[in-house]
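Visitor: I have a two-chain model open and would like to walk through it. Can we start with how it is divided up?

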Amino acid sequence: MNDVDLELDCRGMLCPLPVIELGRRLAEVPVGGTIAVVATDVAARVDVPAWCRMREQEYVGEGVAEDGTPRFVVRRVS
Amino acid sequence: MTNASGTPRPGPGVAPPVYLDSASSEPLHPAAREVLLAALDQGYADPRRLHGPARSARLLLDNAREAVAGCLAVRPDEVTFTASGTEAVHRGLLGLHAGRSRRGAAIIHSAVEHSAVLHAAQWAPGEHVSVAVDRLGRVAPDELARVSLRAPGGATVAAVQSANHEVGTVQPVAAVAAALGDVPLFVDACASAGRLALPEGWAAAAASAHKWGGPAGLGVLLVRKGARWRNPFPTDDRVDERASGFENVPAALAAAAALQAVVAEREEVGARQSALIDRIRAGVAAVPDVEVVGDPVDRLPHLVTFSCLYVDGEALVTELDRRGLGVASGSACTASTLEPSHVLTAMGVLTHGNVRVSLARDTTEADVERFLAELPDVVRGIRAELGL
């Protein structure tokens, strides 16, 4: 999917690995850019928005990847 | 080197372990220990029989019931002893549900109820509807009333805890009861009983002795005089028609003794614990990327929960334990299921890297300072291993 600047494949990773991946790779997108976390772990649904709040980034929302896996989109604001 | 119970004894110069998990189970209160030992010798007989030892057991049971009723400001005939807090929850909630089965079909509950409430609601015939909470974990009385009015087939009962067992937030129970109108309210008071006065407005309520320093294996079910409650389980022919099984007289008496002691000292202990929790909340908040959750003021006196970004909850609990600090966690990796805590999820706060600290009645300032001294290093160490 090309609607984001970077998509992280976190399928199969258990918490807190998807959020760690998000934190590590945020710098790879420009300020104003978006990053998607595709994760099978159920905790990501809560932890990605919570991460955005704590790190003062913008949580854009939840969608699904082509295979139906939940996909959480974040915009880098700083 | 081990002691009698087989646990390693700290070597010279090593501080003894600090227990910071009283919300899971409070150590037995000294007042309960003495009573328990005496009651084991005097309260063994069947309290329904007519001989001397039976009358003695019956007297102890009645004394326990009166003492518990006095501590909770209820009538003795509103008190039933059960085999656990969970059983008291099951009987309280399901008994109100059964009592109104002609007028409704659905159980309403807050999203942050204890799993004992959630499992009972799932088990019961009919629907169950969860009501959302805010970021602090608090349910809104008007929202709960709205959901209750819209419930499929009508609401039989609503369940709202007195205070949350994971994050400490006190629920607006009296306002919930007022908003519900004639739908009866079940209050799970296991987290607060003894520590805070019982809130008003319930038709049935539940408490658990080992949460206040009584023995495990003893719950308290309260059913308001006149409440429409029907036994949801097979009946039995015991002293109390709402209970089943042979009465645990020694445990009931010891639980009552502990409750009396805890209620007598709660103003002093609660104020001291609350100040120590404030200290922990401030100290923990100073660690980078840590979120302290739950209401900072309107809360249980003895517990606090926080979550550490990027940190695995199991690693955190294990490393703290290695350093002699026993805490609980609501993170998925430390739970019996793969699901993260439904309480943290409902609040929308970080579910990983979670720690719940809860103080025992004799937890000292030095214990708290030791925890606060160790925690930043533990968090830093786990993050460093990840290269963060």
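**Domains, a helix and the chain contact**

Guide: The domain assignment of chain B gives domain 1 (18-27 + 266-385) and domain 2 (30-261). Bear in mind that this is a predicted model.

Visitor: How far apart are the C-alpha centres of domain 1 and domain 2 of chain B?

Guide: They lie 27 Å apart. In terms of contacts, 26 residues of domain 1 of chain B meet 25 residues of domain 2 of chain B.

Visitor: Which elements of chain B supply at least two residues to the domain 1 side?

Guide: H7, S10 and helix H9 (342-347) of chain B each do. By class, that side of domain 1 has 11 nonpolar, 8 polar and 7 charged residues.

Visitor: Switching to H10 of chain B, what span should it have?

Guide: Helix H10 (residues 365-385) of chain B has 21 residues, so at 1.5 Å a residue it should span 30 Å; its end C-alpha atoms are 31 Å apart, which agrees.

Visitor: Where is the kink in H10(B)?

Guide: At Glu374(B), shortly before the proline Pro376(B), and it is about 25°.

Visitor: Which residues of H10(B) are buried?

Guide: Asp367(B), Val368(B), Phe371(B), Leu375(B), Val378(B) and Val379(B). Their cover includes helix H7 (249-285) and helix H8 (313-322) of chain B.

Visitor: Now the other chain. How many residues of chain A are in contact with chain B?

Guide: 14 residues of chain A, against 19 residues of chain B. The largest share of the chain A side, 6 residues, comes from H2(A).

Visitor: And how does the chain A side split by class?

Guide: Into 12 nonpolar, 1 polar and 1 charged residues.

Technical notes:
Residues are numbered from 1 along each chain as its sequence is written. Chains are lettered from A and ligands numbered from 1 in the order in which they are written. This is a predicted model: local features need pLDDT of at least 70, side-chain atom pairs count only at pLDDT 80 or more; totals for chains, interfaces and linings use all residues. Two residues are in contact if their C-beta atoms, placed from the backbone, lie within 7 Å. Helices (H or I, at least four residues) and strands (E, at least two) are DSSP runs, numbered from the N terminus. Ala, Val, Leu, Ile, Met, Phe, Trp, Tyr, Cys and Pro count as nonpolar, Asp, Glu, Lys and Arg as charged, and the others, Gly among them, as polar. The expected span of a helix is 1.5 Å times one less than its number of residues. The bend at a residue is the angle between axes fitted to the seven residues ending there and the seven starting there. A residue is buried if 20 or more other C-beta atoms lie within 10 Å of its own, exposed if 12 or fewer, and partly exposed in between; C-beta atoms are placed from the backbone. Domain bounds come from an automatic or database domain assignment.
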